[in-house]
Amino acid sequence: MENLNEMENMRRNMAELRKELDKQTIINDRILRRAMRNSSSWIRRRYILCMTVCVLMVPYCYFFMIRIYNFSIYLWIFTSIFMLIAAIYTFYNMRALNRDFIYEENLVKAGREIARAMKMDADWLKIGIPLIIVWLAWMEIEAMSLPDFTYFAISTGIGGSIGAIAGFAMHKKIQRKYRDIMEQIDSI
């Protein structure tokens, strides 16, 4: 009789522990999904800022390249096409982040899309860096005829260096956020 009571108590305790464990798993799952959503929102905000800057650079460059410095229209067209391609590429890459991880059922598919977006973000450097080098060289060649070329070259060098440092720092942080999302998906 005493063994039966002990067994019944043990069963009840096991059932309560299972309920607590299930509740804990659900809470951990929600916390991880919320963290994934926060990381993807951070990346998405940076992408929106990047796309906005790229689109606004078209009229800005027209004003300074054509109106102020009298550079060739071809340089402005090249700059505009490059900026628009960068904005479109960023928009296309951002599609993987347009999801709500809280309600996402198929995290395997979401993980594949995040991995694809992470790779596309890294691959952009292979396209962007050579084009920026060509763009800067072309702009410097056209600026040689300016009376204050030395100041233009120095300010372009300083601005390019600051932009490169800021861009690489942003790229590293975005890649780290992508890795965090991938690790969180793997842990679920």
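**Figure 1. The largest pocket of the predicted model.** The largest pocket in this predicted model has a volume of about 1,600 Å³. A pocket is an open set of points on a 1 Å grid over the protein atoms alone, where a 1.4 Å probe fits, with protein on both sides within 12 Å along at least five of seven lines; lining residues have an atom within 4 Å of a point. Grid points are joined across faces, edges and corners, and the volume is the space filled by probe spheres set on the points. Rolling a probe the size of a water molecule over the atoms shows where empty space is left. The lining of the largest pocket counts 43 residues, and nearest its centre lie Met-83, Ile-132, Gly-163, Ala-164 and Gly-167. Two or more lining residues come from each of α1 (2-68), α2, α3 and α4 (149-187). Helix α4 gives the largest share, 14 residues. By class, the lining has 31 nonpolar, ten polar and two charged residues. Here Ala, Val, Leu, Ile, Met, Phe, Trp, Tyr, Cys and Pro count as nonpolar, Asp, Glu, Lys and Arg as charged, and the others, Gly among them, as polar.

**Figure 2. The elements of the protein chain.** Four helices and zero strands are found in the protein chain, and from the N terminus on the order is α-α-α-α. Helices (H or I, at least four residues) and strands (E, at least two) are DSSP runs, numbered from the N terminus. Of the 188 residues in the chain, 32% are buried. Buried means under 20% relative accessible area, exposed over 50%, and partly exposed in between, with a 1.4 Å probe and protein chains only. Residues are numbered from 1 along each chain as its sequence is written, and side-chain values use heavy atoms, with hydrogens and water left out. Local features need pLDDT of at least 70 and side-chain atom pairs count only at pLDDT 80 or more, while totals for chains, interfaces and linings use all residues.

Figure 3. Helices α2 (residues 73-94) and α3 (residues 107-143) pack at an angle of about 170°, and their axes are 11 Å apart. This makes α2 roughly antiparallel to α3. The contact of α2 with α3 holds 17 nonpolar, three polar and four charged residues. For α3 and α4, the packing angle is about 175° and the axes lie 10 Å apart. Helices α3 and α4 are therefore also roughly antiparallel to each other. Their contact divides into 21 nonpolar, four polar and three charged residues. Axes are lines fitted to C-alpha atoms, for helices over the stretch in contact, and angles run from 0 to 180 degrees between N-to-C directions. Angles under 35 degrees count as roughly parallel, over 145 as roughly antiparallel, 65 to 115 as roughly perpendicular and the rest as oblique.

**Figure 4. Aromatic pairs in the helices.** The whole structure holds nine aromatic pairs. One of them is the tilted pair of Tyr-60 and Phe-64, with 4.8 Å centre to centre and 50° between the planes. Both residues belong to helix α1, four residues apart, about one turn of the helix. Tyr-60 is partly exposed at 46% relative accessible area, and Phe-64 is partly exposed at 30%. Phe-82 and Trp-124 form a stacked pair, with 6.0 Å centre to centre and 20° between the planes. This pair links distant parts of the chain, since Phe-82 is in helix α2 and Trp-124 in helix α3, 42 residues apart. Phe-82 is buried, with a relative accessible area of 12%, and Trp-124 is buried at 19%. Tyr-60, Phe-63 and Phe-64 form one aromatic cluster. Rings of Phe, Tyr and Trp (its six-membered ring) pair if their centres lie within 6.5 Å; planes under 30 degrees apart count as stacked, over 60 as edge-to-face and the rest as tilted.

Figure 5. Met-65 sits in helix α1 and is buried, with a relative accessible area of 4%. Its C-alpha atom is separated by 9.8 Å from that of Thr-79, 14 residues apart along the chain. Asn-70 lies in the loop between α1 and α2 and is exposed at 62% relative accessible area. Although Asn-70 is not a glycine, its phi is positive, about 55°. Asp-186 belongs to helix α4 and is exposed, with a relative accessible area of 62%. The C-alpha atoms of Asp-186 and Gly-111 are separated by 8.2 Å, with the two residues 75 apart along the chain.
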